[in-house]
Amino acid sequence: TAGELHCSGLDSLLNPSIVARSPAQLGQDHIPRPKLSNPRWPQPHPRPHQVQPSPVVDMTTLQPRPPYTDAELAALYPPSLQLQNVQILLRHGERTPVTPRFQEHGLPAFWPYCKAVRHLRSAVMDVDHPDASPDAQFSTLAWKRRLETMSHKDAPIIAAGKHGELDDICDMGMLTDKGRATTTHLGRRLRALYVDRLGFLAPSLDADNVDTLYLRATPIQRALESMQQTLHGLYPPANRAPDLPPVNVLARAIGEETLFPNEGNCRRFAILARAFAQRAAERWNDSPEMDYLTRQLGRYLPDPSARVAVDGKPRLSGIMDTMNATYAHGPDTKLPKAFYDPKVKDIIETIGVEEWYAGYRESEEYRTLGIGGLLGDVVARMVGSVEQTTADGQYELQRRGQGHAPAVRFGLSGCHDTTLAAILSSLGTFGHKQWPPFTSHIAIELFRHTTAPDRPPPAAPTTGSWLASLFGASGKPSLSPAGVPPAGGIGRTKMFDLTPAERERLEGYYVRVRYNDEPVTVPGCKQQGNHLEGDESFCTLAAFKSIVDKFTPVDWRQQCRININETPFPEKNQPSGF
């Protein structure tokens, strides 16, 4: 992973926690959010009289639970169910703050926690190489990066740490050495579960099974690096074949990214997000909880006479960002003691969770534009696995000229806190007020019941269109051309549009969601017939798909451009998870 060209400037610019979320987090504190008060807005749940402090000591670094006991493993993976497909979505590891804050109170702007910048490799083209093969025309250039900044008089100077360190300096929002370590340890825990104990994944990665892995990351560098470090833990060098080809990693342009809530490229969603943020500000800014925050932290604001506020300067979420980054790192990058009051932490997280995620709990439109595209993709890949077609992700990984491609069994997607909390909130399973710690992850697992009948892949379309050319004469789907989704699949078709025969294909399959190794239960899956008998956490695939279908966009880009002048809130609460 140290061999990746580091684009940390792009990293901070494209951070999904700040893209279009607020002018303050973009360094434009002088631009206020519009006031959107409206008597028709639905009232949020009553604010508690007092937020009780949490006993947790380490507040931002994930403390993994102990490995499952044999009894727990047997209950979690019963013999009546066969694990068929796993999709892991992980928050990046520990990082630096996305914007320098509180420098006047001793917090350095630049932190010396990024040794990876000494070990960079770039692909360079050898234009005069005699071998015409594409691989021979490239070699690598080793380099290290020093970070340059500007002095008070605009002269260029080298960014330095608190003790004058010139190397290992992190950029804003950059994955630190600790973040690399914790994501590697996540990969080792995944290996211990899925390789060593369940035997679900192969012990070693080679040319025959490398494309059983679906790897993806957002355009933000720390997400990509965290996914790479997790893969490094899952398959360390000793468990990679010498002739292993380069792994495929999928990425999207920022304008089409749905692996995080993309306010910067979805105008309607940005309107909704601002409205819910404004509602949180009006609810909390004059509260006793904010009085407490002001007494504790107000003296450290740029204007010591100002109140701490949801939409203050800096925003409350910006204060939380810096607090969380400093919690996770060493003594040279700490804030004053008042910031580490457990009650301060709990109040800020309670308010932050409401500001950022209440919309997913209350509004179907919010879910649709914020995270529906991603969950629609997850469900479509599971259905593709059930149908035994390349819709399980194969068509995205297929190599040109490749014959048979193995089924995708395991996915790793590097993403963000806003991704995980949006997924859990949209499924009605984010029942706590703690912000997702660094290196948190969600596992979405697909199981096949041992009594489920073997069904052939769906028949080919009977039309003479070009779609039919994707299928063999037998009527069964053959490998679709590289990069082209297979025809005839039902993954993106709404449940109410499926024929009885198509619905029947999903019978005998179950979905289970685990958050940081703890199973969660989707409310709509508790209903009779929607779960495995005796365990509500195993949702039938049909029920899970029905729930996600309700907020899967049909045309996300178009839906982002409509209803611009409509009220941002639904007329009545539209609870998630059903």
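Student: How many helices and strands are in the chain?
Tutor: The chain has 14 helices and twelve strands. Helices (H or I, at least four residues) and strands (E, at least two) are DSSP runs, numbered from the N terminus. This is a predicted model: local features need pLDDT of at least 70, side-chain atom pairs count only at pLDDT 80 or more, and totals for chains, interfaces and linings use all residues. Residues are numbered from 1 along each chain as its sequence is written, and side-chain values use heavy atoms, without hydrogens and water.

Student: What is the mean pLDDT of the chain?
Tutor: The mean is 87, and 84% of residues reach 70 or more. pLDDT is the predictor's confidence in each residue, from 0 to 100.

Student: Where does pLDDT stay under 50?
Tutor: Over residues 1-57, with 137 contacts (heavy atoms within 4.5 Å) beyond four places in sequence in the model. Residues 460-478 are also below 50. That stretch has 23 contacts beyond near neighbours in sequence.

Student: Switching topic. How many residues are in the largest nonpolar core?
Tutor: 89, and Ile319, Ile348, Met382, Ile444 and Phe544 have the most contacts inside it. Such a core is a set of buried Ala, Val, Leu, Ile, Met, Phe, Trp, Tyr and Cys residues joined through side-chain atoms within 4.5 Å. Buried means under 20% relative accessible area (1.4 Å probe, protein chains only).

Student: Which helix gives the largest share?
Tutor: Helix α9, residues 364-387, with ten residues.

Student: And what does Ile319 contact?
Tutor: Beyond four places in sequence, its contacts include Phe102, Leu297 and Ile348.

Terms used. Buried < 20%, exposed > 50% of the residue type's maximum accessible area, 1.4 Å probe, protein only.
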